[in-house]
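Student: I would like a close look at a single part of this model. Please take the ligand site.

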Amino acid sequence: MSDRLMEFTQTPFGKSLANLLGLPQPPRLNRAKAAWADRPLDGKFVTVGSGNGAALAKPLLETLAAAGAVVRIVPEHAGLAPVKQAAAELGIAVTGNPAAESGAPRSHALLFDASGIASAEQLRELYDFFQPLVRSLPSNGRVVVLSRAPDEIEEIGLKTAQTALRGFVRSLGKEIGKNGTTANLLEVADGGAEWLSAPLRFFLSEHSAYVTGQLLRVGKGPKGGEPQPLTGSLAGKVALVTGAARGIGASIAETLAREGATVIGMDHPSAEGGLGETMSRIGGHGLALDVTAPDAADRIAQEVVGKFGGLDIVVHNAGVTRDKMLRNMSPQQWDLVLNINLGAILRINEGLLKNGLKDGARIVCISSIGGIAGNAGQTNYGSTKAGVIGYAQALAATMAKRGGAINAVAPGFIETAMTAAMPLGPREVGRRINSLSQAGLPQDIAETVAFLASPAAGGVNGSTLRVCGQNWMGA
Ligand SMILES: NC(=O)c1ccc[n+]([C@@H]2O[C@H](COP(=O)([O-])OP(=O)(O)OC[C@H]3O[C@@H](n4cnc5c(N)ncnc54)[C@H](O)[C@@H]3O)[C@@H](O)[C@H]2O)c1
């Protein structure tokens with residue numbers, strides 16, 4: 001469904017009228033048009049800074065150089081020494097402060113390694129780096145801050161300062177979103193530095209256009225896992241996507257196929273027609289099966305083990321709503337939503353863990369910001385979507401032991417048949433209450449799912465990533 005306000009405010013007349021009336025002017029987001037590239041930042045300028053005592057300069061610069069970026073460093077800032085040293089060790093050429101060169105192209109991204117900031121006073125280093133530069137960010141630019149994972153820190157000053165970074169990034173995201181620019185935080189746990197490359201590439205690329213104001217924890221990879229490039233990492237993988245006939249599920253199937261995966265799209269038998277169309281478009285295989293069927297896991301295993309040798313990726317996307325205030329909700333409405341959105345996920349995984357999942361398999365479950373913020377009329381739906389977040393945390397260790405991972409994606413307001421059916425007023429509000437003033441597209445969820453489905457995202461396990469344009473609900 002098209003966003004008429006966005007179309008209108010992009011015209012000269014619409015822009016002037018919007019300025020006059022104080023209407024939101026949603027920026028046009030640059031979304032990926034092709035598969036993951038080897039050098040997504042080719043020729044783009046990226047300005048890098050670092051706090052005192054920071055430890056992540058090396059993986060940071062290595063990733064930027066491999067992605068084709070031209071690295072700029074800000075002279076005479078607190079953490080200049082580790083950045084310069086890492087650049088020298090890696091033989092990476094760096095250039096000076098863009099502000100000093102008149103007419104120089106703007107930097108596409110600002111990256112700051114804040115992993116050494118250990119006190120309230122030292123947070124000033126963050127201000128000193130970003131304050132003069134933030135105004136020069138172009139539209140569709142990127143800000144990424146690197147920190148330590150606060151859950152691993154006991155020292156009071158360090159834990160306080162590292163947690164403070166969350167508030168900084170979330171607030172900055174709200175300031176720069178009107179330009180289509182995003183701000184995200186990568187929290188690096190012990191052993192996570194070597195797994196930084198894929199998350200950094202994702203956040204710096206057009207594949208994360210609708211992800212902003214979020215934090216993602218990167219830890220040590222799974223048992224037997226080796227860091228590998230994101231590009232090409234899904235080639236030859238076998239992926240099951242539930243609810244693949246339409247909407248977000250169809251887009252996930254399409255995106256996984258774009259990255260080279262063989263897709264088995266599953267949907268309810270009543271959606272077999274749509275499923276067939278989607279699968280023939282992407283060269284996938286259809287499986288008409290209700291996720292709540294008691295033998296669903298066995299039927300999936302029967303379908304995939306003989307023909308494809310098992311599953312590398314499972315995406316639990318099928319979901320329904322049956323909204324009613326709790327006082328008016330029937331037990332059938334409660335049971336149906338709980339069964340499809342949550343019970344089926346646990347039962348299918350339990351079965352597939354015994355037979356059907358390959359070692360190293362990665363599972364992605366679709367949650368919702370409704371499970372984080374709650375919604376009147378959605379006690380059933382909100383329970384399932386919050387349950388999915390807990391489930392991903394609970395199963396993470398088991399998956400890591402098998403060399404794999406499980407994560408969740410929490411979409412915000414996404415343009416689908418489900419949201420198109422909403423009345424105009426709530427739909428318009430739903431679209432605008434986020435830092436990018438617009439709804440996401442199914443592609444936005446699909447891009448994040450594909451990233452989390454990749455073995456290159458090996459350091460990400462048990463996490464939930466919101467794809468919501470920094471929706472104000474539950475933020
Ligand atoms: N659209 C949004 O704004 C939004 C926001 C947050 C979360 N989500 C979640 O994203 C997922 C996809 O949502 P969507 O908007 O694409 O919905 P949709 O209704 O367009 O698609 C859901 C698909 O799931 C299938 N399905 C439903 N019950 C099934 C069952 N028992 N067995 C097999 N398949 C079944 C449907 O046939 C359909 O093809 C859902 O889990 C939803 O809760 C959507």
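Which side chain has an N or O atom 3.1 Å from a nitrogen atom of the ligand?

Tutor: The model is predicted, so local features need pLDDT of at least 70, side-chain atom pairs count only at pLDDT 80 or more, and totals for chains, interfaces and linings use all residues. Numbering starts from 1 along each chain as its sequence is written, and side-chain values use heavy atoms, without hydrogens and water.

The side chain is that of Thr416: one of its N or O atoms is 3.1 Å from a ligand nitrogen. Polar contacts here are pairs of N or O atoms within 3.5 Å. Backbone atoms take part too. An N or O atom of the Ile248 backbone lies 2.8 Å from a ligand oxygen. For Val291, a backbone N or O atom lies 3.0 Å from a ligand nitrogen. The protein covers 93% of the 830 Å² of accessible area that the ligand has on its own (Shrake-Rupley method, 1.4 Å probe).

Now the shell. It divides into 13 nonpolar, 10 polar and 4 charged residues, with Gly counted as polar and Tyr as nonpolar. Of the 27 residues around the ligand, Arg246, Asp267, Asp290, Asn317 and Tyr381 come nearest (a heavy atom within 4 Å counts as near).

UniProt, in an unreviewed entry, lists residues 237-417 as "domain: Ketoreductase"; such annotations may be inferred rather than shown by experiment.

Notes. A polar contact is a pair of N or O atoms within 3.5 Å; within protein, one must be able to donate a hydrogen and the other to accept it, and residues adjacent in sequence count only if both atoms are side-chain atoms.
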